[in-house]
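Please find below a note on the structure under discussion.

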Amino acid sequence: MKFDKILAISLAATMSVAFTACDDDDDDYVAASPEQGVKAYFLPENAKSITLVNEVSSFDVKLSRTDNASALSVPVQLSVSKEGVFTIPSTVDFAAGSSEASLTVSYDGTKLEYDEEVSISITLDENAASIYGIASYSCTAMIPAPWISMGKAIYQDDCMASLYGAPMIKYEVEIEEYALEPGIFRLVNPYGAGYPYNDPGDWYDGDFYLQIDA
């Protein structure tokens, strides 16, 4: 028998075995069972870092569910790294016809130090959580230490102007002092709209601070 015929027979036999193996794998596949009953899950757009303020005493966490035909209450459990500050209801409640609900997390800001970061975790009851969604939500929360405005300072730009060979100029910039450590200052948007060499649209759209340790 010629070599090319032997090779063709061998390839055909190999392919036959391969297809048989694939067919066997398909026979072993078992589709996942659909969830039974209405299930809830946390929405992915919930913030992972929460900035708290003393003037407000709560924030909301968003949830959704797989069916909105009737009202639904889902048990939830709270775990925190500092006790006695945060509280939540025992359930998150969905109104009939609504696919989303808000869980209100209440807090007592007087029990937190400035810049003290607290870890928070909220977990759905395992019998009510969707296996196809987010069953627990975690974030960090803190009250940032305030910066106290000291009015206007006269700032002389010896940096940006020198890069372009422009005259060094002086202009007014708002200055703030850190409440927890006197002598730590920051200039508010020193190269923003008030920077004389800026044309409209040249500056960063947001707050920028130049910090000074005096």
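The points that follow treat overall composition, nonpolar cores and aromatic contacts.

1. The model is predicted. The protein has 214 residues, of which 28% are buried, and its secondary structure consists of two helices and 13 strands. Its accessible surface is about 13,900 Å², with 54% belonging to carbon and sulfur atoms.

2. The largest nonpolar core holds 30 residues; Leu52, Phe59, Phe86, Val92, Ile120, Ile122 and Leu124 touch the most other members. Strands that each supply at least two residues of this core include β3 (58–65), β4 (72–80) and β8 (118–124). Phe86 touches, among others beyond four places away in sequence, Leu52, Phe59, Leu78, Val105 and Ile120.

3. A second, separate core has nine residues, including Ala153, Tyr155, Tyr171 and Val173.

4. The structure holds eight aromatic pairs. In one of them, the ring centres of Trp147 and Tyr178 are 4.9 Å apart and the planes stand at 40°, so the pair is tilted. Trp147 belongs to strand β10 (residues 147–156) and Tyr178 to strand β11 (residues 170–178), so this pair ties together parts 31 residues apart in sequence. Trp147 is partly exposed at 22% relative accessibility, whereas Tyr178, at 16%, counts as buried.

5. Tyr155 and Tyr171 form an edge-to-face pair, 5.7 Å centre to centre with 80° between the planes. Tyr155 lies in β10 and Tyr171 in β11, so the pair ties together parts 16 residues apart in sequence. Tyr155 is buried at 15% relative accessibility, and Tyr171 is buried at 7%. Ring pairs link Tyr155 and Tyr171 with Tyr191 and Tyr195 into a cluster.

6. The charged end of Arg186 sits over the ring of Tyr209, 3.7 Å from the ring centre.

Note on methods:
Residues numbered from 1 in each chain as written. Predicted model: local features only at pLDDT ≥ 70, side-chain atom pairs only at ≥ 80, totals over all residues. Heavy atoms only, no water. Helix = DSSP H or I, 4+ residues; strand = E, 2+ residues; numbered from the N terminus. Buried < 20%, exposed > 50% of the residue type's maximum accessible area, 1.4 Å probe, protein only. Areas by Shrake-Rupley, 256 points an atom, 1.4 Å probe, with all protein chains shown as cover. Core = buried A, V, L, I, M, F, W, Y, C linked by side-chain atoms within 4.5 Å. Contact = heavy atoms within 4.5 Å. Phe/Tyr/Trp six-rings, centres within 6.5 Å; stacked < 30°, edge-to-face > 60°. Lys NZ or Arg CZ within 6 Å of the ring centre and 35° of its normal.
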